[in-house]
Structure formats: C-alpha cells, structure tokens
Amino acid sequence: MKPIVLYDMTRIITRRMAATPTGIDRVDIRYAVELLHSDQVEVAFLRQDGSKLVLLDKQSSEDFLICMNTRWTQGSSDPAPVPPADAE
C-alpha cells in the first residue's frame, strides 16, 4: 500500500491569473507535478477555505496542474484555467 500525501494547492490556485510565476510558484508547481507523476505515493490535493481544508476532485486537480505547469513553463498565453472542483 502506497503512502498518501496531502498536498495543499491553495497558493497555485490563487496565483492562477499570474502570467509568470514567482520563485515560490515555481517550487510549488514542481512539487505538485512531481507528486502527481510519482509511482511511490498516492496524492490527494486540498485547498484552504478559511480554517478548513477542502479535498479537491482528483481529475480536475490533475488537469489544472498540467495546464498551470504548461502556462508557467512554456509561457502560454492561454486564459487562466478554472480552479479544480471540490470532491463530492
């Protein structure tokens, strides 16, 4: 059984309108993408809502991360992606 990593995507979500990433953004997206592609762990993505953490839908989180990674690493001028949906 693989360990589960809970990853807070709040910063990436709040920075989605930025055309270029800050240094912190680059590190954050790199960690998230590495976890996404890791075969060593299962990852669950979260976001903050006040003092609570909300579980995000896995597929929409993956789609969002791939889009943001492309946007920030390849300088895409595509519109900012829609944030991932909350899990049901």
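Modeller: Happy to. Let's start with A32, which has 0% relative accessibility and so counts as buried. One thing to keep in mind throughout: this is a predicted model.

Biologist: What makes A32 count as buried?

Modeller: The label needs a relative accessible area under 20%. A32 comes out at 0%, so it is buried. A32 sits in helix α2. Leaving aside neighbours within four places in sequence, A32 is in contact with Y7, I12, F45 and L65.

Biologist: How do you know that I29 is buried or exposed?

Modeller: I29 has a relative accessible area of 4%, and the cut-off is under 20%, so I29 is buried. I29 is also found in helix α2. Its contacts, again skipping anything within four places in sequence, are I12, L65, M68, N69 and W72.

Biologist: Which residues of α2 are buried?

Modeller: They are D25, D28, I29, A32, V33, L35 and L36. Looking down the helix axis, these buried residues fall within an arc of 160°, so they line one face of α2. The face turned away from that buried side carries the exposed residues R30, Y31 and H37.

Biologist: And what covers the buried residues of α2?

Modeller: The cover includes β1, α1, β2 and α3.

Biologist: Which residues have the most contacts inside the largest nonpolar core?

Modeller: Those are Y7, M9, I12, I29, F45 and L65, in a core of 18 residues. At least two core residues come from each of α1 (10-14), α2 (23-37), β2 (42-49) and α3 (58-74). The most come from α2, which gives five.

Biologist: What does M9 touch?

Modeller: Not counting residues up to four places away in sequence, M9 touches F45, L46, L56, S61, F64, L65 and P84. As for M9 and I29, they are 20 residues apart along the chain, and their C-alpha atoms are separated by 8.8 Å.

Biologist: How many aromatic pairs turn up in the whole structure?

Modeller: A search finds one. The rings belong to Y7 and F45, with centres 6.4 Å apart and planes at 75°.

Biologist: Why is the pair of Y7 and F45 called edge-to-face?

Modeller: Two checks. The centres must lie within 6.5 Å, and 6.4 Å passes, so the rings pair. Then the planes must be over 60 degrees apart for this label; they are at 75°, so the pair is edge-to-face. Y7 lies in strand β1 (residues 4-8) and F45 in strand β2, so the pair ties together parts 38 residues apart in sequence. Both Y7 and F45 are buried.

Biologist: Now the charged side chains. How many salt bridges are there?

Modeller: The count comes to six. One of them joins R11 and D25, at 2.8 Å from N to O.

Biologist: What makes R11 and D25 a salt bridge?

Modeller: The nitrogen has to be within 4 Å of a carboxyl oxygen, and 2.8 Å meets that, so the label holds. R11 lies in helix α1 and D25 in helix α2, so the pair ties together parts 14 residues apart in sequence.

Biologist: Are R11 and D25 buried or partly exposed?

Modeller: One of each. R11 has 32% relative accessibility, so R11 counts as partly exposed. D25 has 1%, so D25 is buried.

Biologist: How do you know that K2 and E42 form a salt bridge?

Modeller: Their closest N and O atoms are 3.9 Å apart, and the limit is 4 Å, so the pair counts. The two are 40 residues apart, with K2 in the segment before β1 and E42 in strand β2. K2, at 36%, is partly exposed, and E42, at 38%, is partly exposed too.

Biologist: Where do E62 and K58 lie?

Modeller: Both are in helix α3, four residues apart, about one turn of the helix.

Terms used. Residues numbered from 1 in each chain as written. Predicted model: local features only at pLDDT ≥ 70, side-chain atom pairs only at ≥ 80, totals over all residues. Heavy atoms only, no water. Core = buried A, V, L, I, M, F, W, Y, C linked by side-chain atoms within 4.5 Å. Buried < 20%, exposed > 50% of the residue type's maximum accessible area, 1.4 Å probe, protein only. Contact = heavy atoms within 4.5 Å. Phe/Tyr/Trp six-rings, centres within 6.5 Å; stacked < 30°, edge-to-face > 60°. Arc of directions from axis to C-beta.
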